[in-house]
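Keep the viewer open and click along.

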Amino acid sequence: MLKAGTCICPKCGKIFEMAYYYNAPSATGAVLHYSDKHKGYWIEPYFPGNPRRTADPGFSLRIISGPSPEAEGMPHSIRVLRAGPDGSRQELMMKHSCPECATNTVLYKNYGAFPLYVIALAGLTETGKSAWLTAISNPSNLARLSDAGFPCRIEPASFHGSRSPAESTAAGSLGKTTYLIIRDRDNRGLAGVLLRDFSGELFAPSDRSPSETGRSDGLWQEYSDDWALFARQGSQYSGPDLFFIVDNAMRQDNKSDQETAAFNALRSNTDLAGRPIGLILTHVDQLMEQEPADPADPTGCVPLISRRTFPQGTGYRPSQMNARLALEHYLVTRTHSLGRYLDGQTGFRGFMVKSCEKEGGIQNFDLDPLVWALNTLGIFPLPDTQTDQA
């Protein structure tokens with residue numbers, strides 16, 4: 001967890017505390033300050049890595065309309081007046097940005113206003129990571145939690161919109177992030193949650209040739225550097241608070257032992273000790289079409305997987321939540337080699353979610369893994385009962 005006021009850039013992965021604002025057309029950077037004593041804001045020019053220009057910028061900045069002191073954290077954008085010594089005046093709209101990022105990434109609204117938790121989403125390509133992340137951050141899906149009587153609600157501060165099931169994190173991309181805010185019944189912000197979707201190419205087996213993997217050594221190094229930024233940054237940040245490993249429920253002929261390869265790549269890049277791990281098996285409805293396995297074969301499909309296991313509209317009745325989580329965990333530990341490997345580890349939980357076929361134009365992946373993660377992190381209490389942990 002990062003304390004309130006501390007941010008991790010969703011693009012470059014660097015950590016910072018200053019309230020930095022940037023206007024791209026004029027290439028103007030500044031730091032916004034707030035005084036509890038005077039109950040007010042002021043702003044001054046700042047150019048990262050250029051202390052000489054910061055000390056003598058050649059212009060001054062003044063806030064035209066001050067943000068409300070009651071606002072949550074620093075404002076997302078602010079209008080200022082830039083005045084030069086020659087009498088020139090220019091109004092600028094400056095946006096809350098990353099001071100470390102070469103592209104001056106604009107940050108999410110209310111980013112850094114609350115304690116920040118980071119959840120890593122890992123796994124090989126075409127296993128449903130991006131589709132699940134898009135679906136669970138959909139406002140229509142999150143509203144189901146409020147309708148079911150949960151004491152807190154989840155506000156999607158960054159929603160990527162509908163995405164077709166076929167669209168995945170592009171090769172060469174450093175992954176996507178989704179930012180969620182957890183609020184109580186009185187609409188007070190409790191925490192921010194950054195879900196980081198790492199591109200599946202990061203977890204491709206490293207002993208294959210570039211012609212087989214479709215990537216060069218340089219690209220592999222770029223992925224590894226990206227992961228390292230989110231994995232360890234000294235005393236300030238020791239990596240994601242929780243890990244999700246995502247895999248397709250059905251074994252694919254062209255990806256033998258893909259779940260083991262993904263997990264081993266993850267484990268070799270960062271220390272998982274003491275961190276909760278969730279294994280999400282997507283497209284589980286494919287398993288429902290399979291013939292029941294021989295009961296004497298513990299590696300086969302468990303007969304309990306059926307359409308009765310996942311009835312529509314029942315996943316968020318408080319009385320059924322624990323039973324649902326327990327059943328999914330039981331099934332994952334018996335149908336998946338990585339589930340059997342992780343079974344018994346503190347904080348591990350296995351989940352099964354249906355495919356991302358759209359219902360009414362909305363991708364409707366189940367929210368159970370997200371609910372478990374937030375409850376495990378202590379920022380999303382369940383109504384009447386607590387989630388049983390393996």
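Which residue forms a salt bridge with Asp 184? Arg 188 does, with the closest N and O atoms 2.8 Å apart.

## Ground rules

Before going further, note that this is a predicted model, where local features need pLDDT of at least 70, side-chain atom pairs count only at pLDDT 80 or more, and totals for chains, interfaces and linings use all residues. Residues are numbered from 1 along each chain as its sequence is written, and side-chain values use heavy atoms, with hydrogens and water left out.

## The chain overall

DSSP runs give ten helices and 17 strands (helices are H or I runs of at least four residues, strands are E runs of at least two, both numbered from the N terminus). Of the 390 residues, 52% are buried; buried means under 20% relative accessible area, exposed over 50%, and partly exposed in between, using a 1.4 Å probe and protein chains only.

The accessible surface is about 17,600 Å², and carbon and sulfur atoms own 48% of that (Shrake-Rupley method, 1.4 Å probe; for residues, only the protein chains shown count as cover). Among contacts with a separation of 6 or more, 66% are between residues 24 or more positions apart, where contact means heavy atoms within 4.5 Å.

## Salt bridges

Seven salt bridges turn up in the structure, each being a side-chain nitrogen of Lys or Arg within 4 Å of a carboxyl oxygen of Asp or Glu. Back to the opening pair: Asp 184 is buried at 12% relative accessibility, while Arg 188 is exposed at 51%.

Arg 183 pairs with Glu 72, the closest N and O atoms being 2.7 Å apart. That pair links distant parts of the chain, 111 residues apart: Arg 183 sits in strand E11 (residues 176-183), and Glu 72 in the loop between strands E6 (60-63) and E7 (77-83). Arg 183 is buried at 4%, and Glu 72 is partly exposed at 27%. Both belong to a salt-bridge network that also takes in Arg 153 and Glu 155.

Then there's Lys 3 with Glu 17, whose closest N and O atoms are 3.9 Å apart. Lys 3 comes in the segment before strand E1 (7-8), and Glu 17 in the loop between strands E2 (15-16) and E3 (20-23), 14 residues apart. Lys 3 is exposed at 53%, and Glu 17 is partly exposed at 45%.

## A buried lysine and its phenylalanine neighbour

Which buried residue has no salt bridge? Lys 129, in helix H2 (residues 129-136), has none, and its nearest side chain of opposite charge, Asp 197, is 5.1 Å away (Lys and Arg count as positive, Asp and Glu as negative; His and the chain ends are not counted). Beyond four places in sequence, contacts of Lys 129 include Leu 121, Asp 197, Phe 198 and Val 246.

Phe 198 lies in the loop between strand E12 (189-197) and helix H4 (210-213) and is buried at 1%. Its C-alpha atom is 5.8 Å from that of Ala 122, 76 residues apart along the chain.

## Nonpolar cores

The largest nonpolar core has 49 residues, and those touching the most other members are Ile 8, Tyr 111, Tyr 179, Leu 194, Phe 203, Trp 227 and Leu 266. A second, separate core of 37 residues includes Leu 145, Leu 195, Ala 373 and Leu 374. Such a core is a set of buried Ala, Val, Leu, Ile, Met, Phe, Trp, Tyr and Cys residues joined through side-chain atoms within 4.5 Å.
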